[in-house]
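Hi,

Here is the structure I said I would pass on. Have a look at it first, and then read my notes below.

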Amino acid sequence: MTVESTAARKTTRRSAAGKTGSTGSKAAGTTGTRRATAKKTTGGSEPELVQLLTPEGKRVKNAQYDPFVADITDDELRGLYRDMVLTRRFDAEATSLQRQGELGLWASLLGQEAAQIGSGRATREDDYVFPTYREHGVAWCRGVDPTNLLGMFRGVNNGGWDPNSNNFHLYTIVIGSQTLHATGYAMGVAKDGADSAVIAYFGDGASSQGDVAEAFTFSAVYNAPVVFFCQNNQWAISEPTEKQTRVPLYQRAQGFGFPGVRVDGNDVLGCLAVTKWALERARRGEGPTLVEAYTYRMGAHTTSDDPTRYRHDDERVAWEAKDPIARLRSYLESETDTNEGFFAELEAESEALGRRVREVVRAMPDPDHFAIFENVYADGHALVDEERAQFAAYQASFADVDAEEGEER
Ligand SMILES: Cc1ncc(C[n+]2csc(CCOP(=O)(O)OP(=O)(O)O)c2C)c(N)n1
Ligand SMILES: [Mg+2]
């Protein structure tokens, strides 16, 4: 039995006895009712976690998933490390840019680098990816220039890249809806007779959405070649996972008739292997898979959020010991011939990336203020015309003020 499941059972006993335990809901400052503290293991079997690399950087054998990473070279391992370091650096830069007023908002992926790089590197060029708004690491793997991710967060465009150039769909803010887009796309892939696969990213919170349940049903009955990659980062803004489910999320798949697996989301090798396995099942026509990457959102939900209002810092500190980048570094240092020069060069490359991101963002041109009205209906609409006129009058009111100020001077 895992430590986690032991703790969960103890808490279940405590809450069944009518006492409040140290649960997520208590940490959130709400009263711990029996209903709110119902544990996720109720009704499900004990959670199993696939892990190929421990937090200490030790390789663990796994008969089922080892074959999917058996031929990985030391150079490729260094490549995964580089991906994670550069993604984290880019993410930190974007957070700073928001604090400097250069971006309106940013959703950090801090802590989720292994889940995203492992799964992203498992995809093939002809696969199609449907992300949420936090998949900066997956975008990196798909070859989307990171600066293209920033236009929407700066408010100067509605996306910033052509989805079909990299088979990486635009970021989706409507929680869970991309799982349906992915399912429909995957059904189309199957009809075309192609052997590519589709992967849909979503979060633990999104798992409660009707769209996700519909996507599970449709993909199962149509045997669609889609992988549902759920990053369980333990929080949906301020809601803990306990408020989303009574069983470990990966076990939900069973009820829909396809396999589910929980992988250590901070283990890049594990995520790579499990996602490759799931994508290959899809390619062989064996239908959907649910992968639950068990990870942690180390930062705030977005730059508009303050997690100190609803979670204890000791939780974050505990997850820091499972850092995805540190564990691969330990492995590289102890098990491969990776030298200090590699890490030093990567540091310089990170700095250069940060500089480029700053420069590109600051140089992004402001959009035409009226463009938004042109992207609503193909043939125009009376209401949009009315709103355009109202906005034009509003803009003109500033021209009057400017003129008056000019006269005073
Ligand atoms: C349909 C819908 N409902 C509510 C929201 C507001 N919202 C934005 S993010 C979020 C939480 C999502 O949590 P999760 O799925 O766990 O993803 P995470 O942000 O943790 O990556 C919510 C409720 C939304 N964007 N769309
Ligand atoms: Mg979440």
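By class, how many nonpolar, polar and charged residues does the shell around ligand 1 have? There are seven nonpolar, four polar and three charged residues in that shell. For the classes, Ala, Val, Leu, Ile, Met, Phe, Trp, Tyr, Cys and Pro count as nonpolar, Asp, Glu, Lys and Arg as charged, and the others, Gly among them, as polar. Ligand 1 is surrounded by 14 residues, the closest being Ile175, Gly203, Gly205, Ala206 and Ala236. Being near the ligand here means having a C-beta atom, placed from the backbone, within 6 Å of it.

Two notes on how to read all this. This is a predicted model, in which local features need pLDDT of at least 70 and side-chain atom pairs count only at pLDDT 80 or more, while totals for chains, interfaces and linings use all residues. Residues are numbered from 1 along each chain as its sequence is written, and chains are lettered from A and ligands numbered from 1 in the order in which they are written.

Now the overall picture. The protein has 16 helices and seven strands; these are DSSP runs numbered from the N terminus, with helices being H or I of at least four residues and strands E of at least two. Of the 409 residues, 41% are buried. A residue is called buried if 20 or more other C-beta atoms lie within 10 Å of its own, exposed if 12 or fewer, and partly exposed in between, with C-beta atoms placed from the backbone. Among contacts with a separation of 6 or more, 76% join residues 24 or more positions apart. A contact means that the C-beta atoms of two residues, placed from the backbone, lie within 7 Å.

Next, the helix pairs. Two packed helices are described by the angle between their axes and the distance between the axes. Axes are lines fitted to C-alpha atoms, for helices over the stretch in contact, and angles run from 0 to 180 degrees between N-to-C directions.

Take α8 (residues 177-192) and α9 (residues 210-221): they pack at about 20°, with axes 7 Å apart. The two are therefore roughly parallel to each other. The cut-offs are under 35 degrees for roughly parallel, over 145 for roughly antiparallel, 65 to 115 for roughly perpendicular, and oblique for the rest. The α8 and α9 crossing is left-handed, a term used if the near helix is turned anticlockwise from the far one by less than a right angle, with right-handed used if clockwise. On the α8 side, Ser177, Thr179, Leu180, Thr183 and Ala186 take part, meeting Asp211, Val212, Glu214, Ala215, Phe218 and Ser219 in α9. That contact has five nonpolar, four polar and two charged residues.

Asp211 sits in α9. Asp211 is partly exposed, with 18 other C-beta atoms within 10 Å. Leaving aside residues up to four places away in sequence, Asp211 touches Gly176, Ser177, Thr179 and Leu180. Gly176 is 35 residues from Asp211 in sequence, yet their C-alpha atoms are 5.9 Å apart.

Helix α3 (residues 74-99) shows up in two pairs. With α4, its axis comes within 10 Å and crosses at roughly 130°, so α3 and α4 are oblique to each other. This crossing is right-handed. Leu80, Asp83, Met84, Thr87 and Arg88 in α3 meet Glu113, Ala114, Ile117 and Arg121 in α4. Those residues divide into four nonpolar, one polar and four charged. As for α4 itself (residues 113-122), 10 of its 10 residues are buried.

With α14 (residues 340-362), α3 packs at about 35°, the axes being 9 Å apart. The crossing of α3 and α14 is right-handed as well. By class, the contact has nine nonpolar, two polar and six charged residues. Glu93, in α3, is buried, with 22 other C-beta atoms within 10 Å. Glu93 touches Gly354, Val357 and Arg358, again not counting residues up to four places away in sequence.

Asn167 has a phi of about 50° and lies in the loop between α7 (163-166) and α8. Gln234 has a phi near 75° and lies in the loop between β3 (226-232) and β4 (235-236). Asn167 counts as partly exposed, with 19 C-beta neighbours inside 10 Å, whereas Gln234 has 20 and counts as buried.

Best wishes
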